[in-house]
Amino acid sequence: LKSIGLTLERFQDLDEKTIFHYIKQRILDIDYQELVAGARRSCSPLFFGIQPTHRSTSSYFLTLTDSHLRRYFMLARLNSLPTAWLKGRYRNTPYSERFCSCNTNQPETMAHLLLYCDRHLIPRQQYIMPLLKWRMGHPDAKLVFFLLEDKDPQISAAVASFLYQVMCCNKSF
């Protein structure tokens with residue numbers, strides 16, 4: 001118990017089931033703290049505020065049956081989709097050169113790709129905009145979180161389909 005920061009005195013008046021629950025929760029909390037401490041800021045679901053689940057797999061692994069859809073959705077959740085922003089990070093490209101080729105003079109980030117890029121207007125109107133109909137006006141970070149959080153299989157499928165269209169259109173990805 002000492003190795004996870006607990007003492008026997010804390011459990012003296014508790015029943016066995018409560019003790020088990022308390023220890024299990026403490027271990028899960030420690031795992032989460034270690035995950036957060038080791039997570040790299042920009043290539044992590046934590047970057048978008050997506051919290052790791054205590055499930056063994058994320059639901060999109062089960063609901064997205066097409067491997068391409070799963071791959072692109074996973075890359076987006078990990079903020080690892082090869083956008084100009086991410087490529088520039090690994091190629092030491094100056095920030096001023098990490099702009100999208102859509103001529104809006106905006107950095108090509110995940111938020112730009114999902115919400116604004118003019119090159120992907122038609123698939124966005126088909127897949128993304130119906131999901132955001134009631135959320136317009138929210139900050140970009142909340143919209144990206146909503147799209148990538150994987151709570152609703154239909155949302156995950158629509159976002160994955162959008163990303164698939166983007167990737168097929170953009171051979172540089």
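**Aromatic pairs**

Modeller: Three aromatic pairs are present in the structure, which is a predicted model. One of them joins Y60 and F61 in a stacked arrangement, with 4.6 Å from centre to centre and 25° between the planes. The pair counts as stacked because planes under 30 degrees apart fall in that class. The two partners can be described by their accessibility. Y60 has a relative accessible area of 4% and is buried, whereas F61, with 40%, is partly exposed.

Another pair is formed by Y72 and Y164, and this pair is tilted: the centres are 6.2 Å apart and the planes are at 45°. It links distant parts of the chain, since Y72 belongs to helix α3 (residues 67-77) and Y164 to helix α8 (residues 153-169), 92 residues apart. Y72 counts as buried, at 12% relative accessibility, while Y164 counts as partly exposed, at 31%. The cut-off matters for both residues: Y72 is classed as buried because its value of 12% is under 20%, and Y164, at 31%, lies between the limits of 20% and 50%, so it is partly exposed.

Ring pairs also connect Y60, F61 and F73 into a cluster. The stacked pair of Y60 and F61 is thus part of that cluster.

A further ring contact involves a charged side chain. R135 lies over the face of F146, 3.7 Å from the ring centre.

Notes. Residues are numbered from 1 along each chain as its sequence is written. This is a predicted model: local features need pLDDT of at least 70, side-chain atom pairs count only at pLDDT 80 or more; totals for chains, interfaces and linings use all residues. Side-chain values use heavy atoms; hydrogens and water are left out. Rings of Phe, Tyr and Trp (its six-membered ring) pair if their centres lie within 6.5 Å; planes under 30 degrees apart count as stacked, over 60 as edge-to-face and the rest as tilted. Buried means under 20% relative accessible area, exposed over 50%, partly exposed in between (1.4 Å probe, protein chains only). Helices (H or I, at least four residues) and strands (E, at least two) are DSSP runs, numbered from the N terminus. A charge sits over a ring if NZ of Lys or CZ of Arg is within 6 Å of the ring centre and within 35 degrees of the ring normal.
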